[in-house]
Amino acid sequence: MMTSRDAELWDDQAATFDDEPDHGLRDPLVRDAWRSLMISVLPPVPARVADLGCGTGTLSMLLAELGYAVDGIDFSPEMVRRATAKAGSYPSTSFAIGDAGAPALPEGAYDVVLCRHVLWALPERATVLERWVRLLGPDGRLVLVEGSWSTGAGLTTAETVALVEGAGRAADPRRLDDPAYWGGPVGDERYVVIGRRLP
Ligand SMILES: C[S@@+](CC[C@H](N)C(=O)[O-])C[C@H]1O[C@@H](n2cnc3c(N)ncnc32)[C@H](O)[C@@H]1O
C-alpha cells in the first residue's frame, strides 16, 4: 500500500532525479544505449506502452520519440509534473498521478507494460504482476528493468524471473552490464526481464 509520505519522499527527489545518467539520459551515449535496448525488447511501432512508476518521464519520452503511444503513472505529483512538462504537446502521451501497484488503466489495452526500478519497492509483487498482466492485450509483454544493487536493495534476476513465471509468462532475462547504460562501470546485478505469453 502506497502512502502519501512515500510520494512526498519522491517529490523531494524530483528536481535532481535527472542528474543521474540513466535517469536524465542527457549523455548521447547513454541515451543511445537505452534507445537501442528499448528497440530490441519492445514490439515494433505502432504499440501502446504503460510506463508504471514513470518518474520524470525520460524513458517514456524516448519511446514517444520512437513513435510509441505511452501512458505514464507515478504516485509523485512532482515527478508527474515534470514528465508532463517534458511531453509538452507531444502526441500520444499521457501522464497521471496514481499507484503503479494498482494502475487505473484500461485492461487489455497495452502491448507493453514497462517498469524500470520500481517493482522491487512494491509490496505484494505477485499480485501486482497479475494486475499488470491484465493490462496487456493477447500478444502483450512485460518489460521489467530491475537490479540487485550493491546497497542491498532490489531484486535478483532469479527473483524477477520467478515472479514473471508465477504470473504465467515466459521469462527472458538479459543482463545490462554494459557501462553505456549507466554512464560508467557497475559491479552489481542489473538486467531486464521480458515476460511474454507462454508459447
Ligand atoms: C527509481 S525511480 C524510477 C523512475 C523511472 N521508472 C525511471 O526509470 O526513470 C522510482 C519511481 O517510482 C515511483 N514510485 C514508487 N512507488 C510507486 C508506486 N507505488 N506507485 C507509483 N509510483 C511509484 C517514484 O515516485 C519514482 O518516480
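1. Basis. The model is predicted: local features need pLDDT of at least 70 and side-chain atom pairs count only at pLDDT 80 or more, while totals for chains, interfaces and linings use all residues. Residues are numbered from 1 along each chain as its sequence is written, and side-chain values use heavy atoms, with hydrogens and water left out.

2. The sheet. Seven strands form an open sheet with mixed pairing, in the order β3-β2-β1-β4-β5-β7-β6. At its edges are β3 (93-97) and β6 (169-175), each of which pairs on one side only. From one strand to the next the twist averages 15°. Helices (H or I, at least four residues) and strands (E, at least two) are DSSP runs, numbered from the N terminus; two strands pair if DSSP finds at least two bridges between them.

3. Strands β4 and β5. Strand β4 (residues 110-116) pairs with strand β5 (residues 136-148) in the parallel sense, over 6 bridges. In this pairing Cys115 stands opposite Leu144 in β5, and Arg116 stands opposite Val145 in β5. Strand β5 is largely enclosed by the rest of the structure, because 10 of its 13 residues are buried. Buried means under 20% relative accessible area, exposed over 50%, and partly exposed in between (1.4 Å probe, protein chains only).

4. Helices on the sheet. Helix α3 (residues 28-41) packs on the sheet and touches β4, β5, β6 and β7 (189-197), its direction making about 140° with that of β5. Helix α4 (residues 58-66) also packs on the sheet, where it touches β1 (48-52), β2 (69-74), β3 and β4; the direction of α4 makes about 160° with that of β3. Contact means heavy atoms within 4.5 Å. Axes are lines fitted to C-alpha atoms, for helices over the stretch in contact, and angles run from 0 to 180 degrees between N-to-C directions.

5. Ligand site. There are 16 residues around the ligand, and Gly53, Asp74, Asp99, Ala100 and Arg116 come nearest; a residue counts as near if one of its heavy atoms lies within 4 Å. A nitrogen atom of the ligand is 2.6 Å from a polar backbone atom of Gly53. A ligand nitrogen atom is also 3.1 Å from an N or O atom in the side chain of Asp99. For Arg116, an N or O atom of the side chain is 2.5 Å from an oxygen atom of the ligand. Taken alone the ligand exposes 600 Å², and the protein buries 94% of that (Shrake-Rupley method, 1.4 Å probe; for residues, only the protein chains shown count as cover).

6. Asp51. This residue lies in strand β1. Asp51 is buried, with a relative accessible area of 3%. Its side chain makes a polar contact with the side chain of Ser60 (2.6 Å). A polar contact is a pair of N or O atoms within 3.5 Å; within protein, one must be able to donate a hydrogen and the other to accept it, and residues adjacent in sequence count only if both atoms are side-chain atoms. Not counting residues up to four places away in sequence, Asp51 touches several residues, among them Leu59, Ser60, Ile73 and Leu114. Asp71 is 20 residues from Asp51 in sequence, and 6.1 Å from it C-alpha to C-alpha.

7. Asp188. The loop between β6 and β7 holds Asp188, which is buried at a relative accessible area of 12%. The side chain of Asp188 makes a polar contact with that of Arg190 (2.7 Å) and reaches the backbone nitrogen of Ser150 at 3.0 Å. Leaving aside neighbours within four places in sequence, Asp188 is in contact with Ser148, Trp149 and Ser150.
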